[in-house]
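Hello,

Here is the structure I promised to hand over. Please open it first, then read my notes below.

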Amino acid sequence: MNKPLRRISLFCGLLVLALLIRTNWLQYVQAEELSTRKENRRVQIAQYGTERGNIIVQGGQPITGSAVTAGSDYKYKRTYVDGPLWAPVTGYASQAFGSTQLESLEDGILTGNDDRLFFDRTIGMFTGEKKRGGNVVTTLNPAAQKAAFDQLGTKKGAVAAIDPRTGAILALVSTPSYDPSTFAGNSKADEKAWVELKDSEDKKLVNRALRETYPPGSTFKVVTAAAALENGVVSDINAPTDTPEPYILPGTKTPMVNHAAGCEKASLNDALKVSCNSVFANLGDKVGRDKMVETAQKFGFNNDKIDTPVRAFASVYDKTMGRDGNAQSSIGQFNTAATPLQMAMVTAAIANDGKLMKPYMVDQLTAPGLDTIEKHEPSEMSKPLSAANAQKVQQMMVNVVEKGTGTKAQINGVKVGGKTGTAQHGEKNAKRPYAWFISYAELPDGSSPVAVAVVIEDSAADREDISGGGLAAPVAKAVMEAVLKNKG
């Protein structure tokens, strides 16, 4: 071969080698990046080319579906049963605007693309059966969810309910809500619905139960009570404390205001019953900031990785504040902030004799043929307080409902423990306070099948009508009754 031909052959060989390298690079190294790029429309066409699997609640009830899309290269679009009721659980799956929450986190199962469904896809190739998505089976109790939603009505607020024994989330409600069906497609009508929703002042897209934090107010006093008992500041819940009246915040000349009589030297039990600010501020100071932080964190505060599997915002107990800030935080004010889920976790741990189970709302993932792919196993998250001290806090919370500020949560023939809260906020506490209520119901065998946290923003209410006992307790009662009825 002469020299010019050798050069041409070598050059062509290099071109072929470069082509092979580039092809393999695209197919194996960049394949995932290219296939998941939002500009790759073929991925979205494939995603909506088959019927999506369903999200299912207790009792086997699907709360989602699929419908054929007219005039689009996306064959199917998502549909929802009682969309506003379940939106805080499902999130949304939209052809035009993407997906959130369970629809996003479990997309591989729902579309049928998850590697764990490979066998089903392979069998379908031989049988001619169309590809289908798997199902996400949740822990949600339909009766409890509806009770919470109906009771909140037009109010702004949220409810989180947990089974203390397992950590299973039984209800997760946020109002005002939205209907994911209205923008599930990619038409102009869908776009209009999305724009109106996105720009809404009511923040309907925000899941208040998981993704909004509020000052927890007096509901946080159960955490302070737990810290006082665990750290030996109090041993006898019926013994007088050394709380003066007025109680001056440490390092200041500012008196702690009480909204109830009889708080001077009140016992822990009586102080929780009538919600004495001074007693709990005093106890929080005696426990000290670092030990208060330690107890709060055992309950889940300052944890930004609480996945249900939808990630909840971190609830906050300040690690760097001074003594006066810690005293105020011990009554759920100052910088303290909590999600409704967090306060349901606090209640669940107390109801479960001091053991906090990790919260979750996906019970299992199933193949299209309903074979179980993955089953959740309940797990302990922490132990914020001993069983003996948890039972002391239970005793105090029962006293709140039977004789104190939480009487509207009473259920005939059922032992109920609870705590009210009215949380001040805004500059100089000028804004209308939030109404809180946390509670649990106890079965005759001593176990508790439900713990609830309710928060109501309710900007439409008069200030004097806003109280945890008046607004939030009836909501919690309805949720507890729904769970108990479902048990029986």
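Start with Leu-17. Its relative accessibility is 45%, so Leu-17 counts as partly exposed. Bear in mind that this is a predicted model. Leu-17 sits in helix 1, which covers residues 3–29. Together with Leu-10, Leu-14 and Ile-21, Leu-17 makes up a nonpolar patch on the surface. The four have about 410 Å² of accessible area together. Cys-12 has 39% relative accessibility, so Cys-12 is also partly exposed.

Next, strand 18. Strand 18 pairs with strand 8 (residues 157–162). The pairing is antiparallel and runs over 6 bridges. In one of them, Val-455 of strand 18 is the partner of Ala-158.

Last, the disulfide. The structure holds 1. Cys-263 is joined to Cys-276, with an S to S distance of 2.1 Å. The link connects distant parts of the chain, 13 residues apart. Cys-263 is in the loop between strand 11 (255–256) and helix 12 (268–274). Cys-276 is in the loop between helix 12 and helix 13 (277–287). The torsion about the S-S bond is about -85 degrees, so this disulfide is left-handed. Both Cys-263 and Cys-276 are buried.

Best wishes

Technical notes:
Residues numbered from 1 in each chain as written. Predicted model: local features only at pLDDT ≥ 70, side-chain atom pairs only at ≥ 80, totals over all residues. Heavy atoms only, no water. Pairing = 2+ DSSP bridges. Helix = DSSP H or I, 4+ residues; strand = E, 2+ residues; numbered from the N terminus. Patch = residues over 30% accessible without salt bridge, like charges linked within 9 Å, V, L, I, M, F, W, Y side chains within 5 Å. Areas by Shrake-Rupley, 256 points an atom, 1.4 Å probe, with all protein chains shown as cover. Salt bridge = Lys/Arg side-chain N within 4 Å of Asp/Glu carboxyl O. Buried < 20%, exposed > 50% of the residue type's maximum accessible area, 1.4 Å probe, protein only. Disulfide = S-S within 2.5 Å.
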